[in-house]
Structures are given as C-alpha cells and as structure tokens.
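Here is a short note to read beside the model. Keep the sequence open as you go through the points.

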Amino acid sequence: MRKLLKQITISENSTIAEALRQLNEIRLISRLILFVEDGNKKIIGSLTDGDIRRSLAKDEDVYKNIKEICNKDFVFETSKTSYIKLKKYRDEKILILPILNEDKTLHSIVDLTYTKSMIPVECMIMAGGRGKRLSPLTDTIPKPMLPLGDKPIIEHNIDRLISYGVKKFYISVKYLGEQLEAYFGDGSSKGVSIEYIWENEPLGTAGALSLVDNFETDRILLMNSDLFTNVDFESMFTKMLREDADMVVASTEYKVDVPYAVFETDDDRVTAFKEKPTFRYQSNAGIYMIKKEILNLIPKNEYCDITDVMQKLVDQNGKLLFDPIIGYWIDIGKPVDYDQAQEFIKHIE
C-alpha cells in the first residue's frame, strides 16, 4: 500500500507536465488519478487525466501549476469510519475512493473495480483437517491447497474476502500446515496480514478461535477452507447489524424429493396426504459471522465445534440467524465434489 500511495500522490507545486509523467507510470489501480498534497501532506484535491485534458484544451499550457486545475471538491471517506457502504459511490460511477486520516493525509484508497465492500471484520479460516476422503490427493498436499483452476481452493476464498475489504486473516493449521505458510507467508504479497494458528491437538470447528489473544473487530468471520462459493459477505454483515444478531450463519438450500405419497396421520388414520412432495431446508454452509462477545462461550484450547456454540446460543435464547447464499456453493469434501468444482470453474472464469 505504501508503494501505491507514493505512486498516486503529487505535490501541489507540480506542473501539468510532471503530473502527466506520473500518471503514465500508474500500474496498480484501475483509473488514472492523482491526489494533490500541500506542504503538510494534506490532500487538497484530486487530479485525473480528464482534468488535464480540459485544461490543455483551453490554453495548451503544460507548465501550469496543478493546484489551479485539481478538483478541490473531491469525494472521500475517513479512516475512522468502521463500515463504508460502497454502493452509493458505485452508483455515482466513482472508481477510486480515497480514505483520509483525521489530519487529511492519505491513509489508503479503495479501488471499486476490485473491491465489492469494506466490512470491518477479521477472519479465521479453518484449514487443519486431514481430508481423508480425498486421499490419495491429500496424502502429500493439504486439502485447502488442492488446485482449483489456476490457484488453490483456499486462495479463492481469501481473494474473495479481500474483495470485501477483509485485511486481517488467521488460518488454523495442523496437517501439512507448513505448505500453507510457505505459499501465503505473512500475506503482504496480497496486501493483507496473515497469522497461523497451530493446533497441537484437533480443536474442532471453533476451538482455534480461543487461541487468538485479541480480535480487534467487534465481529469475526469464521469459515471452512474447502468451500467454493460466491457468498455475499456484506449481506451477512448488514443482516447482523440490522438485526443485532449474536451470530449469522450462511445457509444453502437442501432439497429432499420423496418419490411416494406422504401421509398425515392421527394414530393409524390417514387424515391427508401429499403425492411425491418436495421438502426444502436451509442447511449450514460452513460460514459464520460471530459477535465478539460470543467467543466467551468457547473453552480455551479445548475441542469445540461451532455447532456447540450455536446450541448454547439457542439454549440461552440468543439471536442466531441464517442468511441464504444466492449463488453457488460447493463443499469440497469428496472426490465427486472436487470434480464438480473443477468442472464448474471452467464456466465462470
């Protein structure tokens, strides 16, 4: 990010010619734009190639000071804003959104071409399982690192989470976890931070959460590493805010077709029946948005499944909600699932 910010900031005392040279070297964002700094590094305006073209059309003066032509009424957000709704900016055709510190210096930018949302959550991805059902594929490669298209399964999930603004990741590892560490490192190559939580003993689908000393966000996202899905993480987050929920679980529809008539009965008397009915259920998709306080229900460094936490919430009359996935979802647990995902990705890339 530091390299990018240096690339897109320019002094107010620069000329149009200097700005043109700098714009020509931009490679890391989707739009040609610079942010103009005063002597105290405060951002006083934005400058696009369009601003320059309009100025040159008037007087052809490439040595004009850019302070005269930059847009001082530019749109920005502040770094203190915890949740930025990007839809309104997308609707206004804004592609690059600057994030300013309190002193108006440039904190970061959001490229709306690649970023779907900016949800303030940290994420733990569970990646410690053996994946026995996918043997022999997983005899030398951990299941999350099996290739799917041009990258490992888990990387699809990490990249999608990054597109929703997630910057801090924890990956719980055990079986062949060294391969994940070697591949992703500290996450800096993707502009994020990754820490690895090693499970000395299996801790279930929630126990590794207890090994993190302190999550910095009020809500934590927990998900399985072996999913291939286009789940809308912002939908889960906004539902959690709107409903003040303790936990929101992404769900997928499970359909059961009964090939016979199903009786409704009173003792042995048939009171009604349905011919070959179809029943639809919302089932657990392995993705959970959790209020930070709920982590107190997880015992420290002990085996605990997320379903145990869900049951405690239900027993304590907590607010447990589901959010249906509107899109695709494949749980890659068996060879047939892996084959399905490999075939499916050919049609969406």
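1. Contact here means heavy atoms within 4.5 Å. Leaving aside neighbours within four places in sequence, Phe 233 is in contact with Ile 119, Arg 160, Leu 161, Tyr 164, Leu 221, Met 223, Ile 287 and Met 289.

2. A word on the source. This is a predicted model, where local features need pLDDT of at least 70, side-chain atom pairs count only at pLDDT 80 or more, and totals for chains, interfaces and linings use all residues. Residues are numbered from 1 along each chain as its sequence is written, and side-chain values use heavy atoms, with hydrogens and water left out.

3. Phe 233 also belongs to the largest nonpolar core, which has 36 residues. Such a core is a set of buried (under 20% relative accessible area, 1.4 Å probe, protein chains only) Ala, Val, Leu, Ile, Met, Phe, Trp, Tyr and Cys residues joined through side-chain atoms within 4.5 Å. Ile 154, Leu 161, Phe 169, Ile 171, Phe 233 and Ile 287 touch the most other members.

4. Now the sheet. It is open, with three strands in the order E1-E2-E3 and mixed pairing. Strands are DSSP runs (E, at least two residues), numbered from the N terminus; two of them pair if DSSP finds at least two bridges between them. The edge strands are E1 (9–11) and E3 (43–48). E1 and E2 (residues 33–37) run parallel, joined by three bridges. Thr 9 has Phe 35 in E2 as its bridge partner.

Key: Buried < 20%, exposed > 50% of the residue type's maximum accessible area, 1.4 Å probe, protein only. Helix = DSSP H or I, 4+ residues; strand = E, 2+ residues; numbered from the N terminus.
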